[in-house]
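Hello,

I am handing over the structure below, followed by my notes on what was found in it. Please read the notes with the model open beside them.

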Amino acid sequence: MTAAGQVRSEIVSRLKAAGLDAAEAYEDERFRERSGSVVAVGAKQTELAHAGLMNYLGERYDAESGRTVEVYGRKLKMAASLDVYAPRRKGARGCEQTVETVSEALLDGLADGLTLDELSWEKTEWDEEYGMFVRRGTARCTAYFVATADEESAVLTDFILKGVMQ
């Protein structure tokens with residue numbers, strides 16, 4: 001999974017854990033069929049950077065394998081889109097209530113490697129395409145990814161969002 005995909009997935013997981021109906025943007029275009037509010041999480045802008053000298057962070061002992069492994073890292077600055085949709089019967093207030101829950105869920109904590117730098121919301125509007133109220137938001141965050149390579153093979157594992165179990 002891409003770096004941005006891992007961040008989107010982590011945000012969706014956190015929102016679901018808070019009891020919200022959340023999906024990755026463009027994953028489920030059937031918002032009209034939902035009876036309650038839904039949060040669509042996407043990526044507006046991403047900037048991938050090295051973390052350390054050419055991604056190298058150092059070595060650590062892996063107790064599970066009994067080997068020393070090299071650790072590599074990357075940093076991603078991302079502006080995630082958070083589009084909150086509420087059906088007509090819930091009204092604009094449905095968006096407002098969901099936005100409050102989204103804000104609390106993201107401020108309460110994400111994976112260790114993902115920090116929320118800024119959270120902003122636009123005004124609630126009517127979306128003609130979906131026939132629902134929508135309030136668009138942006139979560140600016142910084143994500144840190146790690147990968148390891150053991151001394152014997154020097155094969156680099158995939159970069160995984162720090163603090164997420166595989």
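Notes on the model

Cys141 counts as buried because its relative accessibility is 4%; buried means under 20% relative accessible area, exposed over 50%, and partly exposed in between (1.4 Å probe, protein chains only). This is a predicted model, in which local features need pLDDT of at least 70 and side-chain atom pairs count only at pLDDT 80 or more, while totals for chains, interfaces and linings use all residues. Residues are numbered from 1 along each chain as its sequence is written, and side-chain values use heavy atoms, with hydrogens and water left out.

Confidence comes next. pLDDT is the predictor's confidence in each residue, from 0 to 100. The chain has a mean pLDDT of 84, and 83% of its residues reach 70 or more. Helices (H or I, at least four residues) and strands (E, at least two) are DSSP runs, numbered from the N terminus.

On the cysteines: a search of the whole structure finds zero disulfides, a disulfide being a pair of cysteine sulfur atoms within 2.5 Å. Cys95 lies in helix α2 (residues 91-108). Cys95 is buried, because its relative accessible area is 0%. Leaving aside neighbours within four places in sequence, Cys95 is in contact with Val84, Tyr85, Ala86, Thr124, Phe133, Val134 and Arg135, where contact means heavy atoms within 4.5 Å. The C-alpha atoms of Cys95 and Val39 are separated by 9.5 Å, and the two residues are 56 apart along the chain.

Helix α1 (residues 3-17) has 15 residues, so at 1.5 Å a residue it should span 21 Å; its end C-alpha atoms are 21 Å apart, which agrees. The expected span is 1.5 Å times one less than the number of residues in the helix. The buried residues of α1 are Ala4, Gly5, Gln6, Val7, Arg8, Glu10, Ile11, Val12 and Leu15. After α1 comes Gly19, which has a positive phi, near 90 degrees.

A salt bridge is a side-chain nitrogen of Lys or Arg within 4 Å of a carboxyl oxygen of Asp or Glu. The count by this rule is six salt bridges. One of them joins Arg8 and Glu24, with the closest N and O atoms 3.1 Å apart. Arg8 lies in helix α1 and Glu24 in strand β1 (residues 22-24), so this pair ties together parts that are 16 residues apart in sequence. Glu24 counts as buried, because its relative accessibility is 18%.

Another salt bridge is formed by the side chains of Arg136 and Asp83 (3.2 Å, N to O). Arg136 lies in strand β6 (residues 132-150) and Asp83 in strand β3 (residues 67-87), so this pair ties together parts that are 53 residues apart in sequence. Arg136 counts as partly exposed at 29% relative accessibility, whereas Asp83 counts as buried at 13%. Arg136 also forms a salt bridge with Asp127, the closest N and O atoms being 3.4 Å apart. Through shared partners, salt bridges join Asp83, Asp127 and Arg136 into one network.

Regards
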